[in-house]
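Have a look at it first, then read the points below alongside it.

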Amino acid sequence: MRRNLFYISCILLLMVAGNLFSQSHTADTLTVDQAIQLTVENHPLIRQATEGINASRANVEVSRSSYYPGVTGEASYSRIGPTPKLNFLGESFSLFPANNYDFHVGANQRVYDFGKRSTAVELAKSGIESASDNLGLVKSNLTFRTIQVFYAILFLQQNQSVLDEEISALNAHIEVTRKMAETGSATEFEVLTTKVRVADAENRKVDVQNALNRQNILLHQLTGIPMQKEIKLSGQFARTPIELNTDSLVSTALNLRPEYQLAKDAITSAEIRQRLASIGDRPDLDLHLLAGLKNGFIPNLNTIKFNWVAGVQLQVPVFNGFRTRYQTQEARANLEAARAHIQDVQRRIVSEVQQEVANVKASEEKLKTSQVQLAQAREALSMAKTRFEIGMVTNLDLLDAQTSLSQAELNHLRSLYNYVQNRYALENAIGKKLWK
């Protein structure tokens, strides 16, 4: 009984181990949305931009710290020798103790500064908006890049499949041609010609495989999936209709594109900096308090006593070497530069949207043409096979029809790929959020 239980336990352990082994060697299957999600979650540039937001929020609190009093503590000891003395009526009196102790805490509170602190806080808050829009820009760029790589891999994989079919068909033709050459109904030239076509197709397959390897490396880098882990993609080139009203798309782009939002943030920050520079020579009103323990008070110089001092201080800048004037000029120039920059960004966005609309329209036309060519190539191959069977065409004519079909399939596949890429490029150009 115990031996049977031992055998059963061993079998169960082997089954579990085998299951774990098979799971560890199973490739991950990714849709385009899952690939995008992994990129957004794992890419270092997104973490860097997120920390930029955290840094901007901390900077706001740094600016707000000026509203709180500054408190400092200080302790000092000094020995004086010789100590000054005063002789009076035959007696000597020390004016200062030889050992001097001073322990005090000081506080300084700015009461009023004519808006300099509030403007500095406002400037720091504008940095949060810029950092948030920068995060959106980073996500947008990485998401679009992930989509491009994802569909490039799908295209190359299907391209590879078409080439495999073409090579398989050509090899089959070689066998047929050899048998025909043995019977005298074909020549060695036809066999050699077919071999040349096979070699050409195999070379193209090597190029496709190399491109596929490069795109797979890029996808691993974007998503953060370890290189040793195989990725299996799940997706297709779907024809999703999209509105192609250029004016409407441009309006949407100017509302959604993170680059345009960043340019507007730059103008806002430049305006605040100009205001801050213009009030740099305004007065500051401070309240200070100092309290602590020290010795040296008459008549008991060595007795440590509690003491304090309080006061109000008004600082009025009189002359600072024209610093405020030139800081204001610098801020004004930066503001004009920011305004010129947003005009450039707006022009580029409008141009990009117009170009992508044109690309989508051209892709749609090419896709229609490729569908017709594919149907014609299939019909031509069917006719060539029928005529070849009854001896009306040669083996080379049949090969030409087969090659034309493979080329038509590749052209149609490329048209689908270009359409999908151009459609996503248009969505990216109008600032559509492509991640969840």
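1. The radius of gyration is taken here over C-alpha atoms, and the rule for a globule is 2.2 Å times the number of residues to the power 0.38. For a compact globule of 436 residues that would be near 22 Å, whereas the protein chain has 40 Å. Along its principal axes, the C-alpha trace spans about 150 × 80 × 40 Å.

2. A word on the source: this is a predicted model, in which local features need pLDDT of at least 70 and side-chain atom pairs count only at pLDDT 80 or more, while totals for chains, interfaces and linings use all residues. Residues are numbered from 1 along each chain as its sequence is written, and side-chain values use heavy atoms, with hydrogens and water left out.

3. You will find nine helices and eight strands in the protein chain. Both are DSSP runs numbered from the N terminus: helices are H or I with at least four residues, strands are E with at least two.

4. H4 covers residues 116–183, and its 68 residues should span 100 Å; the end C-alpha atoms are 100 Å apart, so the two agree. Just after H4 comes Gly184, with a positive phi of about 90°.

5. Is Val121 buried or exposed? Its relative accessibility is 8%, so Val121 counts as buried; the cut-offs are under 20% relative accessible area for buried, over 50% for exposed and partly exposed in between, with a 1.4 Å probe and protein chains only. Leaving aside residues up to four places away in sequence, Val121 touches Ser63, Arg64 and Tyr67, where contact means heavy atoms within 4.5 Å. From Val121 to Ala131, 10 residues along the chain, the C-alpha atoms are separated by 16 Å.

6. Now turn to helix H9, residues 395–429. Its 35 residues reach 50 Å from first C-alpha to last, close to the 51 Å expected at 1.5 Å a residue. H9 is mostly covered, with 26 of its 35 residues buried. Gly431 follows H9 and has a positive phi, near 85°.

7. Finally, back to the whole chain. Buried residues make up 35% of the 436 residues. Among contacts between residues at least 6 apart in sequence, 81% join residues at least 24 apart.

Terms used: The expected span of a helix is 1.5 Å times one less than its number of residues.
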